[in-house]
Amino acid sequence: MKRTVLVTGANRGIGLAVARQLAERGNSVLLGSRDSEAGEDAARSLRRLGLDAAAVRIDLNVPATIDAAVNDIGKSGRQIDGLVNNAGVLHEKPLLELTDSELADSVAVHLTGPIRLIRLLVPNMIPRGYGRIVNVSSGWGSFAEGMGGPGAYGVTKAALNALTVRLAKELPPTIKVNAMCPGWVRTRMGGEGATRSPDEGADTAVWLATLPDNGPTGGFFRDRKPIEW
Ligand SMILES: NC(=O)c1ccc[n+]([C@@H]2O[C@H](COP(=O)([O-])OP(=O)(O)OC[C@H]3O[C@@H](n4cnc5c(N)ncnc54)[C@H](OP(=O)(O)O)[C@@H]3O)[C@@H](O)[C@H]2O)c1
């Protein structure tokens, strides 16, 4: 069945790979991008491959863009079946050296932006009895793996993980919400020395975004296998 999936931060990196793989599986993808031109370029690159893709402007630092995007999608008559909270920011500083705006950016992109999107989209998923939410997290936000990431990154990814656990308890089982770590991926964030391609990094998110009805919810995954929080 063809589903519509919104992917944030989809103009490049892992998000673009997630969007392309979802579209290659026959889904319709909405590419969230804070830069309209970059989002449109990315969507066009997928349409050139014959895929069903459109861009939507979402800057997770600007709540009004989230509200407007969801409103416009609703007005166009589209229903969103899946959400991949992929956008991410990495401020490479110890926690106490961050500026207010770097701290706020990390919180907005990894926590409050995803919550706002989920809050807007879930009420439309529940009556239709289907929803897939994927939170692109990181081993750097895992207590079990030692919270290794730079301050705001690790702390806000841990918060995204906590959000995943909490939401899985509050949502009906037809709405599946899971977190995943893509591994170390060759993107602007991961750098050229990383061990995985964007397609490899995207695989587990795509799997979680297309889970069957008996699939897991409330878990944390890497390489399609459960990992510790
Ligand atoms: N690469 C890795 O090794 C690695 C490892 C573990 C986890 N992750 C996670 O994987 C996800 C994707 O990362 P990536 O490696 O693909 O990084 P990336 O290439 O740096 O891409 C990050 C994406 O997030 C977007 N973004 C940043 N701030 C935003 C905002 N305020 N509103 C909307 N979009 C925003 C960027 O948009 P612009 O183009 O406008 O900047 C870009 O599309 C992130 O959540 C990251 O934390 C990555």
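This passage describes the overall fold of the chain and then helix H3. The model is predicted, with local features requiring pLDDT of at least 70 and side-chain atom pairs pLDDT 80 or more, while totals for chains, interfaces and linings use all residues. Residues are numbered from 1 along each chain as its sequence is written, and side-chain values use heavy atoms, without hydrogens and water.

The chain contains six helices and eight strands, taken as DSSP runs numbered from the N terminus (helices H or I, at least four residues; strands E, at least two). Their order along the sequence is β-α-β-α-β-α-β-α-β-α-β-α-β-β. The radius of gyration, over C-alpha atoms, is 16 Å, close to the 17 Å from the globule rule (2.2 Å times the number of residues to the power 0.38) for 229 residues, so the chain is as compact as a globular protein of that length. Buried residues (under 20% relative accessible area, 1.4 Å probe, protein chains only) make up 50% of the 229 residues.

Helix H3 (residues 63-75) has 13 residues and spans 18 Å from its first C-alpha to its last, close to the 18 Å expected at 1.5 Å a residue, where the expected span is 1.5 Å times one less than the number of residues. Thr 65, Ile 66, Ala 69, Val 70 and Ile 73 of H3 are buried. Viewed down the axis of H3, these buried residues fall within an arc of 130° (directions from the helix axis to the C-beta atoms), so they line one face of the helix. They pack against strand E2 (28-33), strand E3 (53-57) and helix H4 (100-125). Ala 64 and Lys 75, both exposed (over 50%), lie on the face of H3 turned away from its buried side. Just after H3, Gly 77 has a positive phi of about 85°.

Methods:
Contact = heavy atoms within 4.5 Å.
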